[in-house]
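Please read them with the coordinates open.

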Amino acid sequence: MTATVVKLSFTSPVHFGNGRLSDAECACSADTLFSALFMEAMAQGSQEDLLAAARDGDLLLSDAFPWMGDDCYLPKPYGAPALFASDEESESRGSADKKAFKKLRYLPRDAYGSFFDGTLDAVETLRALDEGLGASGLVTKVDLRREGGDGGLEDGGDAKPYHVGGFHYREGAGLYFIAKGGYDIAPLLESLRYSGLGGKRSAGYGRFEYELTANASDAVPATPGCRVLLSLAAPTADELSDGLLQGARYLLKRRAGFVQSGTYSAEPLKKRDFYAFAAGSTFERTFAGDVFDVSAGGAHPVWRYARAFWTGEQ
């Protein structure tokens with residue numbers, strides 16, 4: 001299946017939360033990316049085509065991962081097949097290296113092999129990310145609305161400060177994701193670049209320029225002895241079994257939040273809680289996943305993208 005690399009260069013800070021408004025994550029999951037594309041598709045009247053492509057496998061999306069210069073990063077796999085294979089080998093490594101390895105979240109794509117054979121220089125990899133990717137920060141804003149009313153300070157309300165987290169990418173750095181399949185996402189990206197990716201878009205966050213590289217044959221590495229998830233993903237009920245989890249090393253993430261739709265309900269309603277395997281989870285067996293309806297009492301379905309995007313076999 002043809003792979004296209006979509007490289008994003010942000011012209012403003014981004015806000016990718018992790019449960020709190022003050023969070024400032026440096027990357028985003030495939031479900032966040034799909035939701036942003038779906039909103040653009042709704043504005044263009046093509047949402048059913050996008051949904052069908054995602055559910056049929058004609059569009060597979062990875063999470064959005066960091067890039068810096070010529071290096072594209074991928075999630076560090078959970079578990080360490082070679083690095084700490086024995087107590088003796090673990091003790092032979094310095095404490096700084098072990099701490100750096102624990103803190104690492106992403107590895108250069110070209111370093112995946114060194115992770116699995118235990119030769120990864122974790123200290124240097126972490127240093128390069130810390131110095132080259134960007135920096136997080138907080139912006140203090142003030143809510144002038146009065147609780148129980150519609151006025152501001154002139155009506156006797158108190159100014160309520162709150163903090164918004166944002167991540168600023170340095171020049172020559174940003175995010176990229178991989179898209180597989182025949183569905184053309186370019187028209188959606190062209191409008192999304194102005195709308196913005198992530199939260200606080202009305203404040204100008206998340207705007208970007210993009211570059212497409214089609215037929216990127218080296219975008220997805222092969223991994224020995226296991227397959228690594230490159231997207232937040234969940235198996236269907238038919239796919240979930242004890243056999244699927246045998247030998248797996250994974251992290252489960254809870255996804256929640258309010259429905260962002262003016263036609264869903266008269267009052268803000270939350271989506272159903274949803275649990276999925278995080279990118280970087282490793283499995284001996286694979287699953288396809290799906291796009292799940294997480295609506296809870298509203299007027300229309302609410303879709304959560306959870307298709308599995310895997311590394312290759314070796």
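The points below go from the whole chain to single residues.

1. Basis. This is a predicted model: local features need pLDDT of at least 70, side-chain atom pairs count only at pLDDT 80 or more, and totals for chains, interfaces and linings use all residues. Residues are numbered from 1 along each chain as its sequence is written, and side-chain values use heavy atoms, with hydrogens and water left out.

2. Overall make-up. The chain holds 8 helices and 17 strands. These are DSSP runs numbered from the N terminus: helices are H or I with at least four residues, strands are E with at least two. Of the 314 residues, 46% are buried. Buried means under 20% relative accessible area, exposed over 50%, and partly exposed in between (1.4 Å probe, protein chains only). The accessible surface is about 15700 Å², and 47% of that belongs to carbon and sulfur atoms. Areas come from the Shrake-Rupley method with a 1.4 Å probe; for residues, only the protein chains shown count as cover.

3. Cores. A nonpolar core is a set of buried Ala, Val, Leu, Ile, Met, Phe, Trp, Tyr and Cys residues joined through side-chain atoms within 4.5 Å. In the largest one, of 70 residues, L50, L61, F177 and L197 touch the most other members. Helix α1 (residues 30-44) gives the largest share of this core, 7 residues. Another core lies apart from it, with 9 residues, including L229 and W310.

4. L197. Contact means heavy atoms within 4.5 Å. Leaving aside neighbours within four places in sequence, L197 has contacts that include L8, F10, A36 and F208.

5. Strand β4. Of the 5 residues in β4 (residues 71-75), 4 are buried. The strand runs antiparallel to β3 (residues 65-68), with 2 bridges, and antiparallel to β5 (residues 106-108), with 3. Pairing requires at least two DSSP bridges between the strands.

6. Salt bridges. The whole structure has 9. The criterion is a side-chain nitrogen of Lys or Arg within 4 Å of a carboxyl oxygen of Asp or Glu. R193 pairs with E190 at 2.9 Å, N to O, and with E209 at 2.5 Å, N to O. The second pair links helix α7 to strand β9, 16 residues apart. R193 counts as buried because its relative accessible area is 15%. E25 and R105 also form a bridge, with the closest N and O atoms 3.2 Å apart. That pair is 80 residues apart in the chain. D31, R255 and R304 are linked in a network.

7. Backbone checks. Which phi values deserve a look? K200 has a positive phi of about 55° although it is not a glycine. Its place is the loop between α7 (186-195) and β9 (208-213). N215, also not a glycine, has a phi near 50°. N215 is exposed, because its relative accessible area is 59%.

8. Surface patch. Y250, L252 and Y275 form a nonpolar surface patch with about 320 Å² of accessible area together. Patch members have over 30% relative accessible area and no salt bridge: like charges are joined within 9 Å, nonpolar side chains (Val, Leu, Ile, Met, Phe, Trp, Tyr) within 5 Å. Y275 sits in strand β13 (residues 274-277).
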